[in-house]
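This report describes a metal site and a set of aromatic contacts.

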Amino acid sequence: MESGKSQLWFLIIVCLVSTAVSQLRNCEKGWFPFGNHCYKFSSSTATFKHAMIFCNNHGAELLELHTKAEEDWIDLQCRVRGYSYGVWLGLSDIQTEGKFVSLSDARKPRGNFRNWMKGEPNNSGHNEHCAMYWITRRGWNDDQCTNKLNIVYKK
Ligand code: BGC
Ligand code: CA
């Protein structure tokens, strides 16, 4: 390839890569970046069902935690916002008791990171099918889907 043409190709590739990288890092107004994702934090609480619907309205998914670093960052964000109890996680065992799957694909959560608190998930009262991150206890718990928790939208 003649040098003018290859320089042009090089420029085009640099432009494409830098646009892609900046899109990965930038989040819309009201969304906060961590890693390659953007997060939005609710100012009110809702049932699991409504949390799911609100997520869909935002073109986002309910929070899933894939690393300890992500969990630590979410924990900090929740504390500074004064969340008192917990936030929903996008995991449910409503299909098969004890088998928590991701809402996005009905498959077991991606990766190996899990942080169920000791003795959880325990399906207390035989009525706990929605997962939450319990802020004060810094761990995961299965809870009643009709409880009202804060929501973290992730995309
Ligand atoms: C239990 C949890 C349960 C929660 C329900 C706690 O005392 O340890 O397993 O999900 O109560 O509110
Ligand atoms: Ca429980």
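A residue is called buried under 20% relative accessible area, exposed over 50% and partly exposed in between (1.4 Å probe, protein chains only). By this rule Trp116, at 24% relative accessibility, is partly exposed, while Phe100, at 9%, is buried. The model is predicted: local features need pLDDT of at least 70, and side-chain atom pairs count only at pLDDT 80 or more, whereas totals for chains, interfaces and linings use all residues. Residues are numbered from 1 along each chain as its sequence is written, chains are lettered from A and ligands numbered from 1 in the order in which they are written, and side-chain values use heavy atoms, with hydrogens and water left out.

Rings of Phe, Tyr and Trp (its six-membered ring) pair if their centres lie within 6.5 Å; planes under 30 degrees apart are stacked, over 60 edge-to-face and the rest tilted. The count comes to 10 aromatic pairs. Two of them are tabulated.

| Pair | Centre distance | Plane angle | Class |
|---|---|---|---|
| Phe100 and Trp116 | 4.8 Å | 55° | tilted |
| Phe113 and Trp140 | 5.8 Å | 80° | edge-to-face |

Both Phe113 and Trp140 are buried. Ring pairs also join Phe32, Phe34, Tyr39, Phe41 and Trp73 into a cluster.

The calcium ion (ligand 2) is coordinated at 2.3 to 2.6 Å by Glu120 (OE), Asn122 (OD1), Glu128 (OE), Asn141 (OD1), Asp142 (O) and Asp142 (OD). Donors are N, O and S atoms within 2.8 Å of the metal (3.2 Å for Na, K and Ca); water is not among the atoms, so sites may look incomplete. Of these residues, Glu128 and Asn141 are both buried.
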